[in-house]
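Please keep the view open as you read.

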Amino acid sequence: MQQQTRVPFLVIQPGSMGHGLHNLSSAVLGVFPSARDDLQQLYESVDAGDYVAAALFSSAVIGASFALFLTVISISRGLNPLMLGFGALLGACVFAFYIIYPGILVRKIAQKTDNELVFALRELSLQIESGVALFDAMTNIASGKYGYASRAFATAVREINS
């Protein structure tokens, strides 16, 4: 059985809602085409349509909760209780965050990988020059402390072994 990937910040996890918002999430992915690629790179086991549906639901829940909270505060203070606009605005901002966040993480991971790759390749070069076989040097890098670069080497070593 495949382990479920937990996506941070969402009120409900992708795939747990069914396909109720599938048409709307497909339309949103049409507007933000890079979101599908970012999600595929970041969460391999999460469907982009399910993620967007969960993001829509989560942002609606957060926006409605905020609107209800502001309405209760307004009524208790004797102010105008029509705070739904602020809730809708917050919901839209939260949804924008949900759509943009995977891209930010992908770029951050790519930058870290680039930084760590320089040191990993330098280590690989040193090992090969000292007589270590290429595969053994790659295995050493894969088990080393080079972060995402070590993970990439581990994937390559695993594929070579198979």
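A residue is called buried when its relative accessible area is under 20%, exposed when it is over 50%, and partly exposed in between, using a 1.4 Å probe and protein chains only. Please note that this is a predicted model, in which local features need pLDDT of at least 70 and side-chain atom pairs count only at pLDDT 80 or more, while totals for chains, interfaces and linings use all residues. Residues are numbered from 1 along each chain as its sequence is written, and side-chain values use heavy atoms, with hydrogens and water left out.

Let's start with tyrosine 148. With a relative accessible area of 26%, tyrosine 148 is partly exposed. This residue belongs to helix α6, which covers residues 148-161; helices here are DSSP runs of H or I with at least four residues, strands are runs of E with at least two, and both are numbered from the N terminus. Which residues does tyrosine 148 touch, not counting those up to four places away in sequence? They are Ile109, Lys112, Thr113 and Glu116, where contact means heavy atoms within 4.5 Å. Threonine 113 lies 35 residues from tyrosine 148 in sequence, yet their C-alpha atoms are 5.3 Å apart in space.

Now move to serine 150, also placed in helix α6. Serine 150 counts as buried because its relative accessibility is 4%. Setting aside neighbours within four places in sequence, serine 150 is in contact with Ile141, Ala142, Gly144 and Lys145. For glycine 144 there is a further detail: the side chain of serine 150 reaches its backbone oxygen at 3.3 Å.

Finally, turn to the rings. How many aromatic pairs does a search of the whole structure find? The search finds two. In phenylalanine 97 and tyrosine 98, the ring centres are 6.0 Å apart and the planes meet at 50°, so this pair is tilted. Rings of Phe, Tyr and Trp (its six-membered ring) pair if their centres lie within 6.5 Å, and planes under 30 degrees apart count as stacked, over 60 as edge-to-face and the rest as tilted. Phenylalanine 97 also forms a tilted pair with tyrosine 101, at 5.1 Å centre to centre and 35° between the planes. Both of these residues lie in helix α4 (residues 84-129), four residues apart, or about one turn of the helix.

Conventions:
Polar contact = N/O pair within 3.5 Å; in protein donor to acceptor, adjacent residues only side chain to side chain.
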